[in-house]
Amino acid sequence: MVIMKTNITAPWQSALGLLVLRLFAAYEFWESGMQKWSGENWFAEINDQFPFPFNLLPDSMNWNLAMWAELVFPVLLLLGLATRLSALGLIIVTGVAWAAVHAGAGYNVCDNGYKMALIYIVVLIPILLQGAGCLSLDALLKKRFCPKCRVGNQRSEEHTSELQSLMRI
């Protein structure tokens, strides 16, 4: 008889990992948003390189959309509130930047390539797919206002224990 042990990550470990990703992304995008806040609009030079539908918008609107996305979504990531929506919004901003600015410059950061855009997307994907984790306002609100969610967690634990017992065959 072969006994297989499963190593299920404790919720706090997963939450800590997601918190680190959220803090990193929040810092990076906040910095970019603050640069746009205090800088000059240079999107007019590249607006025609933006992917559809952003290429149809005026450069000033694209500038403001990017700036406010890079200021609001990082605060939401920091708090762990509307986390998946924030991650999706920042992935879109990054995708537009990749297409309009970085794609033609190759991979290297020193050449203004797409390496950092790729890193940002890789950081944001787990947040998009898993949410903020239990160290967040999303989790607190879910726990407080969603009784069905608590029942779902019990079922999930039951399924996990059933799976573990099946693995002991």
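**Helix H1 and its surroundings**

Modeller: Glu28 has its place in helix H1, and that helix is the part I shall follow through this predicted model. Helix H1 covers residues 11–38, 28 residues in total. From its first C-alpha to its last it reaches 40 Å, close to the 40 Å expected at 1.5 Å a residue.

The buried positions of H1 are Ala15, Leu18, Arg22, Ala25, Ala26, Phe29, Gly33 and Lys36. An α-helix has 3.6 residues a turn, so residues three or four places apart point the same way. The partners against which the buried residues of H1 pack are helix H2 (59–79), helix H3 (83–102) and helix H4 (115–130).

Glu28 itself is partly exposed, because its relative accessible area is 23%, and the cut-off for a buried residue is under 20%.

Ala25 and Phe29 are among the residues with the most contacts inside the largest nonpolar core, together with Phe73, Leu77, Leu90, Leu124 and Ile127. This core has 16 residues, and H1, H2, H3 and H4 are the elements that each give two or more residues to it. A second, separate core has seven residues, including Ile46, Trp63, Val96 and Ala100. In soluble globular proteins, nonpolar side chains tend to be buried together.

Beyond its neighbours within four places in sequence, Ala25 is in contact with Leu77, Val123 and Leu124. Thr94 counts as buried because its relative accessibility is 4%.

Helix H1 also takes part in a pocket. The second largest pocket has a volume of about 770 Å³, and H1, H2, H3 and H4 each give two or more residues to its lining. Of the 33 lining residues, Ser32, Lys36, Glu70, Val93 and Ala97 lie nearest the centre of this pocket; Lys36 is also one of the buried residues of H1. The largest share of the lining, nine residues, comes from H3. By type, the lining divides into 21 nonpolar, eight polar and four charged residues.

Key: Residues numbered from 1 in each chain as written. Predicted model: local features only at pLDDT ≥ 70, side-chain atom pairs only at ≥ 80, totals over all residues. Heavy atoms only, no water. Helix = DSSP H or I, 4+ residues; strand = E, 2+ residues; numbered from the N terminus. Expected span 1.5 Å × (residues − 1). Buried < 20%, exposed > 50% of the residue type's maximum accessible area, 1.4 Å probe, protein only. Contact = heavy atoms within 4.5 Å. Core = buried A, V, L, I, M, F, W, Y, C linked by side-chain atoms within 4.5 Å. 1 Å grid on protein atoms, 1.4 Å probe; cavity = no way out; pocket = protein on both sides within 12 Å on 5 of 7 lines; lining within 4 Å. Points joined across faces, edges and corners; volume = space filled by probe spheres on them. Nonpolar A, V, L, I, M, F, W, Y, C, P; charged D, E, K, R; others polar.
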